[in-house]
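User: Hi! Could you open the model for me and walk me through a few places in it?

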Amino acid sequence: MAPKRSSLRAIIMFTESAELYDLVYSSFKDYGAEAAQIATLLCTVHPGCKTVLDVACGTGEHARLLAANYGFAVDGLDLDPQFVQIARKKHPAGQFIQADMVDFQLPQRYDAIVCLFSSIGYLCTLDRVIRALRCFREHLAPDGVIIVEPWFAPGVLDPNRVSRNTGEAAGIKVERLNQIEINGPISRIRFDYVITDATGVRETSEIHELGLFTPEEMLQSFKAAGLDVQHDPKGLTGRGLYVARIAAYAARLLSGSARPPTNYR
Ligand SMILES: C[S@@+](CC[C@H](N)C(=O)[O-])C[C@H]1O[C@@H](n2cnc3c(N)ncnc32)[C@H](O)[C@@H]1O
């Protein structure tokens, strides 16, 4: 596949590739190892953690593994209705809904809210990031934790780098060419797919736009949303990780007037 630069409309979601998502990402991303790391982190920062909301859950792979291997009760939401359907099939015990992370309303509060694999970057502006974090806070139990795995900071991505992923299973082969353009605070990733199956070969493309935020901007955004946050620059996969609590509860923990969360399972 030759690298292309064209003015394809930004699709922002995996509209062309939802059913191929697991095939592509399982070829280089170790969801099992990540779920183990997340479970360990949750048990460390909130030993009583029982319920988890996976925001921007995609196909629900983390949700499935956190439930099956570590006993958490995991629900999820995603903007993409195709992903929500896949997640429901994959993890029927969870409640999965289609919703925008900047503005969702659920009847329940969770011990943990996770937003993984740079999904927060799709919000593109800090204003929308703050709105999402406020919404996360409103759905968090008073002693709960929020875990956000961000997209890259400005200056980290190489716009000249072209990469490829290939996934193959059950008679379907997907090759994906990935190219990044940087436009000020926005990164645009162009995905060009060649899909081969029993019906033949087809090609399709998507453009995804993600905001580039500095750690300082992210830390300020958590603060603006009423959250106390810690930043691990390395995180699960090298992209970093933010671990946050409701600020008022964090202050009470610090002063000793709140008891640390205990295991109530
Ligand atoms: C890179 S995928 C990550 C999916 C999943 N968390 C994973 O680790 O495989 C980004 C996800 O963010 C979702 N997304 C983008 N904008 C969203 C929004 N405003 N609200 C909810 N989900 C959103 C996309 O549909 C997609 O599932």
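**A walk through the model**

Analyst: The cut-offs are 20 or more other C-beta atoms within 10 Å for buried, 12 or fewer for exposed and anything in between for partly exposed, with C-beta atoms placed from the backbone. Do keep in mind that this is a predicted model: local features need pLDDT of at least 70, side-chain atom pairs count only at pLDDT 80 or more, and totals for chains, interfaces and linings use all residues. Residue numbers start from 1 along each chain as its sequence is written.

User: Good to know. Which element does Ile172 lie in, and what does it touch?

Analyst: Ile172 is part of strand 7. Helices (H or I, at least four residues) and strands (E, at least two) are DSSP runs numbered from the N terminus. Not counting residues up to four places away in sequence, Ile172 touches Leu23, Ile195 and Asp197. Contact here means that the C-beta atoms of two residues, placed from the backbone, lie within 7 Å.

User: Where is Ala170, and is it buried or exposed?

Analyst: Ala170 sits in the loop between strand 6 (162-169) and strand 7 (172-183). It counts as exposed, because it has 6 C-beta neighbours inside 10 Å.

User: Switching to the ligand. How many residues surround it?

Analyst: There are 18, and the closest are Ala56, Gly58, Phe117, Ser119 and Tyr122. The shell divides into 10 nonpolar, four polar and four charged residues. Ala, Val, Leu, Ile, Met, Phe, Trp, Tyr, Cys and Pro count as nonpolar, Asp, Glu, Lys and Arg as charged, and the others, Gly among them, as polar.

User: What about the core? Which residues have the most contacts inside it?

Analyst: Ile113 and Ile147, in a largest nonpolar core of 57 residues. The largest share of this core, six residues, comes from strand 5 (residues 140-148). A nonpolar core is a set of buried Ala, Val, Leu, Ile, Met, Phe, Trp, Tyr and Cys residues joined through C-beta atoms within 7 Å.

User: What is Ile147 in contact with?

Analyst: Setting aside neighbours within four places in sequence, Ile147 is in contact with Ile38, Leu41, Ala112, Val114, Leu241 and Val243.

User: Ile38 again, please. Which residues does helix 2 use to meet helix 3?

Analyst: Helix 2 brings Tyr31, Gly32, Glu34, Ala35, Ile38 and Ala39, and helix 3 brings Glu61, His62, Leu65, Leu66, Asn69 and Tyr70. The residues of this contact divide into seven nonpolar, three polar and two charged.

User: One more spot: Leu212. Is it buried or exposed?

Analyst: Leu212 counts as buried, because it has 21 C-beta neighbours inside 10 Å. It lies in the loop between strand 9 (200-211) and helix 6 (215-224). Leu212 and Cys124 are 88 residues apart in sequence, yet 7.6 Å apart in space, C-alpha to C-alpha. Apart from neighbours within four places in sequence, its contacts include Trp151, Phe152 and Pro185.

User: And Arg161, where is that found?

Analyst: Arg161 is in the loop between strand 5 and strand 6. It has 9 C-beta neighbours inside 10 Å, so it counts as exposed. The C-alpha atoms of Arg161 and Glu181 are separated by 9.6 Å.

How values were computed. A residue is near a molecule or strand if its C-beta atom, placed from the backbone, lies within 6 Å of it.
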